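Here is a short report for a reader new to this structure. Please look over the sequence and the model first.

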Amino acid sequence: MTEAARPLVIGIGNVLRGDDGAGYRVAEALSNGINHCLEVITVHQLTPELVLYIGSASHVLFVDASVEQMWVVLKPIAAQNATTSSAAVGVGHTITPNVLMALAQVLYHHCPPAWELLIPAQHWGHGPQLSGLTAEACSQALLMAKAWGHGHA
Amino acid sequence: MSASRIIQIDPVTRIEGHAKISIHLDGAGRVKIARFHVTEYRGFEKFCEGRPFTEMAAITARICGICPVSHLLTAAHTGDKILSVAIPPAAEKLRRLMNLAQITQSHALSFFHLSSPDFLLGWNSDPLRRNIFGLIAANPELARSGIRLRQFGQGVIETLGGRKIHAAWAVPGGVRTPLTLENRDAIRAGLPEAFRVVEQGLNVFKQLLDHQLQEELTVFGHFPSLFMGLVGHGDRWEHTNGVSCQGLRVMNSDGQILADAVQEDDYADFLAEAVQPWSYLKFPYYRPLGPETGGYRVGPLARLNLCERIGTERADRELQDMRQRGGRVVTASFLYHLARLIEILACLEQMEVLLDDPEICSSHVRASAEVNCLEAVGVSEAPRGTLFHHYRVDSNGLIQKVNLIIATGQNNGAMNRTITQIAQHYLTPAETQATRLDEALLNRIEAGIRCYDPCLSCSTHAAGFMPLQVRLFSNSGELLEERARA
């Protein structure tokens with residue numbers, strides 16, 4: 001890790017599939033803010049080359065929609081070894097934050113502390129609209145992401 | 001006589017999207033047929049109706065996170081035709097540059113991360129290891145190189161279009177921003193390493209083909225079929241329908257050209273799509289030959305079969321090597337992997353040529369016009385094959401109807417033939433009586449699908465028409481219930 005390492009925020013989702021775009025939107029709003037101490041990436045889905053950004057980050061925050069949450073949750077990603085992560089690997093469409101972090105560890109021997117910011121989501125139809133629940137949750141998630149950024153910048 | 005049994009493998013891992021496979025045995029326990037079921041439904045075409053055609057590039061680029069650039073460029077090209085403009089030469093070259101980068105990064109993901117574990121770890125390897133972590137353990141440098149090559153392609157795309165590629169850099173009439181001299185030089189600086197990586201991949205894969213991957217050439221989708229794709233003037237390899245392109249070509253396995261210089265506007269005259277009740281994905285075919293014998297393959301192998309030459313030195317040398325291995329028209333789908341590596345090499349060489357072109361940094365990159373045409377078809381070569389966009393608009397430019405024919409759909413028939421061939425070869429009647437399938441067989445079947453690198457995120461469409469079939473099986477594989485709806 002270099003002295004210039006910055007916290008990295010990765011917003012995930014498809015903004016044309018309703019609530020699926022929640023993570024993308026929160027990260028986009030974050031990047032439009034004033035916090036230049038953060039690096040913010042918005043992606044449709046996680047892909048292997050993101051490991052290069054992770055490899056040079058001080059901390060990482062994945063922001064994503066989740067059908068399993070009732071409210072916005074910020075939780076650390078437990079450090080995993082390659083063997084454990086292999087069980088969840090599906091490199092391509094189904095790559096997960098855990099797999100990316102494990103990749104950073106085995107490829108570059110650098111696995112910065114990482115968190116997931118999960119936004120409750122329920123509607124996945126075509127269109128850019130968020131459901132009421134998710135739109136409200138996005139506002140809260142943005143505040144939490146900003147606080148996370150201030151805490152690690 | 002025993003009842004027929006159906007064995008399902010669900011889901012297929014490491015391809016984009018979701019699908020399942022069923023293997024149907026006859027009464028004697030022999031494989032009758034295998035089917036690749038696509039059950040994910042997308043329906044973006046309906047969603048596009050009523051939107052301005054100028055937004056189509058931005059909308060369709062969001063269909064898929066794996067090949068957004070292909071939709072972006074094809075939508076922009078289709079929009080050019082609605083405007084009835086000839087785009088500035090620099091814009092065409094910049095679009096070509098972006099498509100070359102897209103093919104590079106997509107093929108890098110397919111070869112180095114999705115398929116290499118199959119080749120390097122062996123068919124009998126534990127599925128928990130037969131993935132990128134297993135690859136890293138076996139060949140860490142290859143894994144790192146693959147990531148760097150993919151990042152190079154992504155980096156070129158971001159340099160041209162900005163990180164938010166979905167913001168639609170390519171627009172009807174050209175592109176939004178020119179390439180600066182500084183950015184041109186930055187792209188150029190990344191080429192030497194990219195060349196090293198792809199040549200490393202070629203060396204590794206050709207050694208495998210020479211030794212442990214011989215049988216795969218004859219079993220993993222080795223059959224005659226048609227091939228379709230764009231061809232450039234002088235019978236060169238082509239990926240973009242611009243001034244250097246002569247049109248679409250259809251060729252059979254004997255090398256006979258059935259249709260040539262076909263223009264994209266005429267696609268409906270020579271392509272048709274069959275529907276099967278067990279898949280959302282349609283089965284396109286060459287209309288003059290009908291659905292039974294008109295099946296064709298698209299993508300890297302098809303493009304290399306259709307052209308006489310690529311037009312760059314190193315890639316042409318590798319093309320000749322591939323033809324020595326598989327014949328003038330290569331019918332072994334396993335060599336899609338080799339074709340991808342050769343195409344990466346071709347992309348890098350053509351990038352080099354484009355970056356040396358003084359016109360590439362011209363500031364004139366966009367033509368303007370009003371709606372001058374109410375219907376247009378655009379085609380380009382996506383990494384996985386030929387991509388068609390067909391729009392009908394009203395006089396205000398609002399979309400009335402959209403049809404998208406994507407590459408994965410066009411390889412649907414070939415994927416089904418491939419898994420049938422693999423299952424028939426490796427699943428003997430004695431094995432089918434067992435309650436547990438051999439992992440090696442399942443690995444091979446999945447790998448047969450991965451030859452085509454399918455991306456199903458955008459493959460399924462035709463809102464409101466797609467039939468759905470639901471089957472319920474007992475643990476022993478007996479069919480208990482079947483329900484279908486249209």
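Why is α13(B) largely enclosed by the rest of the structure?

## A helix within the structure

The model is predicted. In it, 16 of the 20 residues of α13(B) are buried, so the helix is largely enclosed by the rest of the structure. A residue counts as buried if 20 or more other C-beta atoms lie within 10 Å of its own.

Helix α13 covers residues 336-355 of chain B. From its first C-alpha to its last, α13 reaches 28 Å. That is close to the 28 Å expected at 1.5 Å a residue.

## A hairpin in chain B

Two strands of chain B pair here: β2 (residues 20-25) and β3 (residues 31-37). The sense is antiparallel, and the pairing runs over 6 bridges. B:L25 has B:V31 in β3(B) as its bridge partner.

The hairpin of β2(B) and β3(B) has 5 residues between the strands. B:G29 takes a positive phi there, near 85 degrees.

Where they touch, 16 residues of domain 1 of chain B are in contact with 15 residues of domain 2 of chain B.

Which helix gives the most to the domain 1 side of chain B that touches domain 2? α17(B) does, with 7 residues. Helices α15 (412-426) and α17 (439-450) of chain B each supply at least two residues of that side. By type, the residues of this domain 1 side divide into 5 nonpolar, 5 polar and 6 charged.

Conventions
Residues numbered from 1 in each chain as written. Chains lettered and ligands numbered in written order. Predicted model: local features only at pLDDT ≥ 70, side-chain atom pairs only at ≥ 80, totals over all residues. Helix = DSSP H or I, 4+ residues; strand = E, 2+ residues; numbered from the N terminus. Expected span 1.5 Å × (residues − 1). Buried ≥ 20, exposed ≤ 12 C-beta atoms within 10 Å, placed from the backbone. Pairing = 2+ DSSP bridges. Contact = placed C-beta atoms within 7 Å. Nonpolar A, V, L, I, M, F, W, Y, C, P; charged D, E, K, R; others polar.
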